[in-house]
Amino acid sequence: MKKLLLVIDMQNDFVSGSLGTREARAIVPEVAGLMRRASQEGAVVILTLDTHGEDYLDTREGKALPVRHCIEGEWGHELCDEIKAELTDDMRTVCKPTFGCVALMGILFPLVDAETEIELCGLCTDICVVSNALLVKALYPENRISVHARACAGVTPESHEAALATMRMCQIEIVK
């Protein structure tokens, strides 16, 4: 059985920067461990990077969330150090301009077959993790798709739990 791990937006701004939270910092070792295990098992690991330009505050998202974050080329856009330390040459990073990444789905096509298990972790459970999990589920409804609850954090603990419930209702397995 092939495995694929999607690590969503483990970037400085979401961990300890402009949108960082205690909950986000707490999951970093768990995410790093998942990456390490996946690499040892020969799984494909793909990391996403929330990516914005200097005009972020003028965008629709920027007007709804007026906090500069993940500006390409800045410290906040980079993966946090603990995650960066787990990167290997065969892992890929994908920049995504919005919550769900359609380009990521295109990257998955040659990598995923009917036997591939797809796992997700990262930030934020209630925005980018749920968006990408639902896209993956729509493309691969018969594959085992799971989200590692202890390796995700939401904007708030309550919204994290709500996103997990939503994914569970959409037949995405929640691993505690």
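**View 1. The buried residues of helix α2 are Ala-24, Ile-27, Val-28, Val-31, Ala-32, Leu-34, Met-35 and Ala-38.** Buried means under 20% relative accessible area, exposed over 50%, and partly exposed in between (1.4 Å probe, protein chains only). Helices (H or I, at least four residues) and strands (E, at least two) are DSSP runs, numbered from the N terminus. The model is predicted: local features need pLDDT of at least 70, side-chain atom pairs count only at pLDDT 80 or more, and totals for chains, interfaces and linings use all residues. Residues are numbered from 1 along each chain as its sequence is written, and side-chain values use heavy atoms, with hydrogens and water left out. The cover over the buried residues of α2 includes β1, α1 (12–15), β2 (44–50), α4 (81–84), β4 and β5.

**View 2. Helix α2 bends by about 35° at Val-28.** The bend at a residue is the angle between axes fitted to the seven residues ending there and the seven starting there. A proline, Pro-29, follows within four residues. The helix has 19 residues (22–40) and should span 27 Å at 1.5 Å a residue; its end C-alpha atoms are 29 Å apart, which agrees. The expected span of a helix is 1.5 Å times one less than its number of residues. After α2 comes Gly-42, with a positive phi near 80°.

**View 3. Helix α6 covers residues 125–139.** An α-helix has 3.6 residues a turn, so residues three or four places apart point the same way.

**View 4. The largest nonpolar core has 28 residues.** A nonpolar core is a set of buried Ala, Val, Leu, Ile, Met, Phe, Trp, Tyr and Cys residues joined through side-chain atoms within 4.5 Å. Leu-6, Leu-108, Ile-118, Val-147 and Met-167 have the most contacts inside this core. Two or more residues each come from β1, α5, β4, α6, β5 and α7. The largest share, five residues, comes from α6. A second, separate core of 27 residues includes Leu-5, Ala-24, Leu-34 and Ile-83.

**View 5. Met-167 is in contact with Thr-125, Val-129, Val-130, Ala-133, Val-147, Ile-172 and Ile-174, leaving aside its neighbours within four places in sequence.** Contact means heavy atoms within 4.5 Å.

**View 6. Glu-173 is in strand β6 (residues 173–175).** Glu-173 is partly exposed, with a relative accessible area of 36%. Beyond its neighbours within four places in sequence, Glu-173 is in contact with Arg-144, Ile-145, Ser-146 and Val-147. The side chains of Glu-173 and Arg-144 are joined by a polar contact of 2.9 Å. A polar contact is a pair of N or O atoms within 3.5 Å; within protein, one must be able to donate a hydrogen and the other to accept it, and residues adjacent in sequence count only if both atoms are side-chain atoms. The C-alpha atoms of Glu-173 and Ile-145 are separated by 6.2 Å, and the two residues are 28 residues apart along the chain.

**View 7. Asn-143 lies in the loop between α6 and β5.** Asn-143 is buried, at 9% relative accessible area.
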